[in-house]
Amino acid sequence: MPKFKTCLKLFLVMFKIGLFTFGGGYAMISLLESELVSKRKWLESDEFLNVVAIAESTPGPVAINAATYVGYKLAGFWGSLAATVAVALPSFLIIFLISLFFDAFLSLKHVAYAFDGIRVCVIFLILSAGVKMLIKLEKTVWNIVVSSLVIAVTIALSVLSIAFSSVWYILITAGLALLLYLFSYFRARRKEKSDKQPDEEGKQ
Amino acid sequence: MIYLTLFLTFLKIGAVSFGGGYGMISLIRETVLENAWLTEEEFLNFIAVAESTPGPLAVNMATFIGSSQVGFLGALVATLGVILPSFVIILIIAALIKNLLKYAGVKSVLSGIRPTIVGLILSTALTMFVTQIFGFTSVGDTFSFDWRALAIFLIVAAVAVLWRVFKKRQFSPILLILLSGALGILVNVI
């Protein structure tokens, strides 16, 4: 059964990728590229770019998204299941093991001291990730207004300790972006129609 | 029913977290603080561990938080929850709408939410910075300035920025975590 073999191979490759990618999704992309495109020739390179674009623009971890997509391409549903489980499994096992010992580990005096410093470092890492994304952001009116509004509102609400879920910010901006798009789309169409004059009257 | 809560919470996180990695930090943070699953300190500890172990940050955080609340089953349901939306959405895209990204409407919504994600990440970092270094969370709190934390922050930031300027490469986050751990021991011992 060749499909089973493909699934097994997918599982092993994705497990390896899940085991060796430190630093999240973007680090994984180069590893995926070398495994899937250069080494095994499972995907063409422009196909791979498409996978990356989809994985980055859909919700969820980039690694999981890419694994599901590649798995489906190579071996259908079972392929995507095998690839997704395999890429998440190493993290799951490692973190679960750590979580069993973490409290005991933290109760050591010097470890607790070390984590005093590490927490500060994590804040820096998040901040620098945000700054990097901000620099990459195209400087359009929308991007500047939305990002500064989100920062101002979230900080104001958190200082006043008013709970307002991040989900709403995402949904509201998604809705506004869609409205803006529809507005410009219909305006362009109406303009097109009026340019062409009444010969397309019956068409909606 | 803690298992159901964990599952649904991480399902929501998996479904709306765009932008990979830190894109879901703000949502995970407010969830764990609201449910009193973790304190801010514990949350930051967990991120450090998630960042220094392999695998996607979201999966690591889900496993860690699930396990910290109710053990193995908790870890399992939280991880399944965070993965499931990706799996289903990508499956639909791969099977049915291969050229989803070619639709202008989809593109404009996706690029429309990007500044929101960036804003959420930055404000989360700034809020945590003020909480950890000035001990201030919301109106009514008094300030308690932590000079040790600020010193570590400045050293870490200087190393990372200088490395980027002179070596033209990113200073590995794991090395940065190790460095800050050493600094943490140093400032507490002296």
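This is a predicted model: local features need pLDDT of at least 70, side-chain atom pairs count only at pLDDT 80 or more; totals for chains, interfaces and linings use all residues.
Is B:I155 buried, exposed or partly exposed? B:I155 is partly exposed, because 18 other C-beta atoms lie within 10 Å, and a buried residue would need 20 or more. The residue belongs to helix α6 of chain B, which runs over residues 147-167.

Next, select residues 40-52 of chain B, which form helix α3. With 13 residues at 1.5 Å a residue, this helix should span 18 Å; the C-alpha atoms at its ends are 19 Å apart, which agrees. Colour the buried residues of α3(B), among them B:F43, B:F46, B:I47 and B:E51. On the chain A side, the buried residues of α3(B) pack against α4 (62-106) and α5 (109-136). Within chain B, they pack against α2 (25-34), α4 (57-95) and α7 (173-189).

Then show both chains. Here 87 residues of chain B are in contact with 81 residues of chain A. The elements giving two or more residues to this side of chain B are α1 (2-16), α2, α3, α4, α5 (104-134), α6 and α7 of chain B. The largest share, 22 residues, comes from α5(B). By type, the side of chain B that touches chain A has 53 nonpolar, 28 polar and 6 charged residues.

Last, select A:I126 and B:I121. Of the 103 residues in the largest nonpolar core, these two touch the most other members. Leaving aside residues up to four places away in sequence, B:I121 touches A:I126, A:A129, A:G130 and A:M133 in chain A, and B:Y22, B:G23, B:I25 and B:S26 in chain B.

Note on methods
Residues are numbered from 1 along each chain as its sequence is written. Chains are lettered from A and ligands numbered from 1 in the order in which they are written. A nonpolar core is a set of buried Ala, Val, Leu, Ile, Met, Phe, Trp, Tyr and Cys residues joined through C-beta atoms within 7 Å. A residue is buried if 20 or more other C-beta atoms lie within 10 Å of its own, exposed if 12 or fewer, and partly exposed in between; C-beta atoms are placed from the backbone. Two residues are in contact if their C-beta atoms, placed from the backbone, lie within 7 Å. Helices (H or I, at least four residues) and strands (E, at least two) are DSSP runs, numbered from the N terminus. The expected span of a helix is 1.5 Å times one less than its number of residues. Ala, Val, Leu, Ile, Met, Phe, Trp, Tyr, Cys and Pro count as nonpolar, Asp, Glu, Lys and Arg as charged, and the others, Gly among them, as polar.
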